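Let's take a walk through this fold, one stop at a time. Have the sequence and the 3D view open beside you as you read.

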Amino acid sequence: MHFSGTITQRVDGKGRVSIPSDFRSVLAEGDPAYDPESKRLRMRVVYGDPSRKCLEIYTISAFDKILKRVAQLPEGSDEREILELFLVSGSEVVEVDADGRTILAQRLRDHMGLPRDGGEAVCAGALDLFRMWTPEEFEAERQRKLAAVKARMAGGGNILKLLPPNAEG
């Protein structure tokens, strides 16, 4: 299963937000400790990249695979230290309750640029993760990507041309 779709959710002044139902299904599948009886699940929230005003949210299993890849890098290498600082140290496990709600700590809301009294969060699926943005940052990102696509495809065409060739023909 993968994260797909875009859903806007309300975030209250205490940071409470509902995780979209389809996204919760993917999170549950990727949480080895998920208990169907209690319906409580966990997700890994990454907030360490200062260049992006969004949260990147992974299943526990998907993030564990990333951690294994980081651990394969030589200790003390620039690449490993950058990933440790912004990805490993800049993330935390967050619980989702039986009703599908979670609480975003203030530092997470600040990273997104969410007002202290709450607002809206756009949950945008991106296959192995979903990103949580303010509506304004999400639209700004869409416009940046649109400009990049237009530059790459100056002759026009379908965005599916960005995909690698299908090996099956």
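Start with K39, which is partly exposed at 48% relative accessibility; buried means under 20% relative accessible area, exposed over 50%, and partly exposed in between, with a 1.4 Å probe and protein chains only. You'll find K39 in the loop between α1 and β3. Its backbone is worth a look: K39 isn't a glycine, yet its phi is positive, about 60°. Most residues other than glycine have a negative phi. L127 is another non-glycine residue with a positive phi, near 65°. L127 sits in the loop between β7 and β8, and with a relative accessible area of 55% it counts as exposed.

A word on ground rules before going further. This is a predicted model, in which local features need pLDDT of at least 70 and side-chain atom pairs count only at pLDDT 80 or more, while totals for chains, interfaces and linings use all residues. Residues are numbered from 1 along each chain as its sequence is written, and side-chain values use heavy atoms, with hydrogens and water left out.

Now zoom out. The protein has five helices and eight strands; these are DSSP runs numbered from the N terminus, with helices being H or I of at least four residues and strands being E of at least two. Along the sequence they come in the order β-β-α-β-β-α-α-β-β-α-β-β-α. The C-alpha atoms fill a box of roughly 50 × 40 × 35 Å along the principal axes. Of the 169 residues, 36% count as buried. If you take the contacts (heavy atoms within 4.5 Å) between residues at least 6 apart in sequence, 63% of them join residues at least 24 apart.

Which residues of helix α1 are buried? In this helix, residues 21–29, they are F23, V26, L27 and A28. Those buried residues pack against β1 (6–11), β3 (41–46), β4 (55–58), β7 (119–126) and β8 (129–133).

Setting aside neighbours within four places in sequence, M112 touches K53, C54, L55, L104, A121, M132, W133, T134 and E137. L85 is 27 residues away from M112 along the chain, and their C-alpha atoms are 18 Å apart.

Next, a pair of helices. Two packed helices are described by the angle between their axes and the distance between the axes. For α2 (residues 60–71) and α3 (residues 78–88), the angle is about 155° and the axes are 10 Å apart. Here the axes are lines fitted to C-alpha atoms over the stretch in contact, and angles run from 0 to 180 degrees between N-to-C directions. That angle makes α2 roughly antiparallel to α3, the term for angles over 145 degrees. On the α2 side, F63, I66, L67, V70 and A71 meet R80, L83, E84, L87 and V88 of α3. These contact residues divide into eight nonpolar, no polar and two charged; Ala, Val, Leu, Ile, Met, Phe, Trp, Tyr, Cys and Pro count as nonpolar, Asp, Glu, Lys and Arg as charged, and the others, Gly among them, as polar.

Finally, the charges. Side chains of opposite charge can pair when their charged atoms come close. How many salt bridges are there? The count comes to 14, where a salt bridge is a side-chain nitrogen of Lys or Arg within 4 Å of a carboxyl oxygen of Asp or Glu. One of them joins D99 and R101, with the closest N and O atoms 3.2 Å apart; D99 is exposed at 55%, while R101 is partly exposed at 39%. Another links R52 to E56 at 3.6 Å. R52 is partly exposed at 25%, whereas E56 is buried at 15%. R144 pairs with E141 at 2.7 Å, and because these two are three residues apart in helix α5 (residues 135–152), about one helical turn separates them. R144 is partly exposed at 46%, but E141 is buried at 13%. Through shared partners, salt bridges join R52, E56, R131, E141, R144 and K145 into one network.

Notes
Angles under 35 degrees count as roughly parallel, over 145 as roughly antiparallel, 65 to 115 as roughly perpendicular and the rest as oblique.
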